[in-house]
Amino acid sequence: QVQLAESGGGLVQAGGSLRLSCAASGNIFTIIAMGWYRQGPGKQRELVAAITSGGSTSYADSVKGRFTISRDNAKNTVYLQMNSLKPEDTAVYYCNVDLWTVVHSRHNAWGQGTQVTVSS
């Protein structure tokens with residue numbers, strides 16, 4: 001089994017910053033990619049940012065220049081630094097990890113979600 005532990009959500013005023021963390025643990029052989037998704041009220045879940053094992057990153061157009069994704073391979077942890085937050089960033093943010101387990105099977109895991117609320 002693989003477990004994801006998320007932290008860092010909360011309430012912040014527009015223009016403020018938050019940093020999300022997600023630590024993966026369990027039967028992990030190697031992590032292929034890690035990412036953050038979000039689901040706002042009445043909206044579909046969308047990809048916010050992703051990072052590969054080699055450090056390549058991708059971002060949704062709506063967050064480019066404001067959010068930064070990074071990872072600590074030694075700790076199997078991914079971070080999302082969110083700056084210049086806007087009310088439209090309000091959502092539940094989910095960590096996602098794509099990995100190979102120790103028995104060499106491909107696995108995709110989701111975190112439980114952390115609420116980010118940006119007040120105007």
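**Asp 98 and the chain around it**

Asp 98 counts as buried, because its relative accessibility is 16% (buried means under 20% relative accessible area, exposed over 50% and partly exposed in between, with a 1.4 Å probe and protein chains only). Keep in mind that this is a predicted model, where local features need pLDDT of at least 70 and side-chain atom pairs count only at pLDDT 80 or more, while totals for chains, interfaces and linings use all residues. Residues are numbered from 1 along each chain as its sequence is written, and side-chain values use heavy atoms, with hydrogens and water left out.

**Around Asp 98**
- Asp 98 sits in strand β9, which covers residues 91-101 (strands are DSSP runs of E, at least two residues, and helices are runs of H or I, at least four, numbered from the N terminus).
- Setting aside neighbours within four places in sequence, Asp 98 is in contact with Ile 31, Ile 32, Ala 33, Arg 106, His 107 and Asn 108 (contact means heavy atoms within 4.5 Å).

**The chain's make-up**
- You'll find 11 strands and 0 helices in the chain.
- Of the chain's 120 residues, 42% count as buried.
- Take the contacts between residues at least 6 apart in sequence: 55% of them join residues at least 24 apart.

**Overall dimensions**
- Along the principal axes, the C-alpha atoms fill a box of roughly 50 × 25 × 25 Å.
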